[in-house]
Amino acid sequence: LMAFEQVAHSGHEDEYVINPYCVAAMPEPIRKAFVTKVLGIVAFQMLLMVAIICIIKYTGLGQAILEGYTMWSLLTTFIPLIILAVLFGVRKNPPWNLIVFSLFTASWAYSLGVACVWLNNRLFISVMGCTAFNTACIMVFAHCVSYDNFNCCSCSLVITLISIVTMFISYGIYPDEPWGNHIWPAIVCILFGSWICWDIKALQIDLTADEYIIGAVDLYLDILNMFLWLLICCLHCFETVLKG
């Protein structure tokens, strides 16, 4: 998870040091620029994903896709994997890396948009809103604090506050549901919020300054997993809403 290089010139084979070329070892302006670039790319890709999902869900395009859906259409689920392989090949070649990353995002958004056609509006908006709220708070926090202050204690405090707010948002959307049901979305936010914070810290140790696309892909997939698990959690906790 974290790239440490073994000290070859020392007499201790078990001695390890941080990679001197990683982002964490760079001066603060370079490190800050890397974090800003990664978070900016992720924010743009998330906006692109939300826009595509909403177009498919609310314009009738999703219904048209489902009506013409065949077994051959399942092959579209493999397109993101193919594009991801291409992305790693051009990850250091702008602007192709950004173009391929956008295609990767669009292909994922297509699959999610078709799946979200089945969801009622309240469930869709609640899951999308909680994911956006959690992501925005963590990204702002990661951008504003220094590398040394981005530690376990500060991240735990922020994630706890975010999860509490998420629980109240869930209660505001589903006031008729038992309080116990609103705890589970908060737990999902704690788990994936912690993982995203860990990744933001680890990427700066693992990557060099020109590997920002890999960092953006990593965080994007973390956020995508948060969205999917929040959806699963809400489907389980608020399934009576679907029946209505």
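Alanine 43 sits in helix 1, which covers residues 28–58. The model it belongs to is predicted. Is alanine 43 buried, exposed or partly exposed? Its relative accessibility is 30%, so alanine 43 counts as partly exposed, since buried means under 20% and exposed means over 50%. Along the chain, alanine 43 and threonine 135 are 92 residues apart. In space, their C-alpha atoms are 8.9 Å apart.

Now take helix 1 as a whole. Just after helix 1 comes glycine 60, with a positive phi of about 85°.

**The whole chain**

The protein chain has nine helices and two strands. Read from the N terminus, the order is β-β-α-α-α-α-α-α-α-α-α. The chain has 244 residues, and 43% of them count as buried. Its accessible surface comes to about 12,800 Å². Carbon and sulfur atoms account for 72% of that surface. Consider the contacts between residues at least 6 apart in sequence: 77% of these join residues at least 24 apart.

**Helix 6 and helix 7**

Two packed helices are described by the angle between their axes and the distance between the axes. Helix 6 spans residues 152–173 and helix 7 spans residues 179–206. Their axes come within 8 Å and cross at roughly 150°. The crossing is right-handed. Helix 6 contributes residues including Cys155, Ile159 and Phe168 to the contact. Helix 7 contributes residues including Trp179, Ile183 and Gly193. Which classes of residue make this contact? It has twelve nonpolar residues, six polar ones and no charged ones.

**Leucine 221**

Leucine 221 lies in helix 8, residues 212–237. At 28% relative accessibility, leucine 221 counts as partly exposed. Which residues does leucine 221 touch, leaving aside its neighbours within four places in sequence? They are Phe104 and Trp108.

| Pair | Apart in sequence | C-alpha to C-alpha |
|---|---|---|
| Alanine 43 and threonine 135 | 92 residues | 8.9 Å |
| Leucine 221 and isoleucine 196 | 25 residues | 9.7 Å |

Terms used. Residues are numbered from 1 along each chain as its sequence is written. This is a predicted model: local features need pLDDT of at least 70, side-chain atom pairs count only at pLDDT 80 or more; totals for chains, interfaces and linings use all residues. Side-chain values use heavy atoms; hydrogens and water are left out. Axes are lines fitted to C-alpha atoms, for helices over the stretch in contact, and angles run from 0 to 180 degrees between N-to-C directions. Helices (H or I, at least four residues) and strands (E, at least two) are DSSP runs, numbered from the N terminus. A crossing is left-handed if the near helix is turned anticlockwise from the far one by less than a right angle, and right-handed if clockwise. Contact means heavy atoms within 4.5 Å. Ala, Val, Leu, Ile, Met, Phe, Trp, Tyr, Cys and Pro count as nonpolar, Asp, Glu, Lys and Arg as charged, and the others, Gly among them, as polar. Buried means under 20% relative accessible area, exposed over 50%, partly exposed in between (1.4 Å probe, protein chains only). Accessible areas come from the Shrake-Rupley method with a 1.4 Å probe; for residues, only the protein chains shown count as cover.
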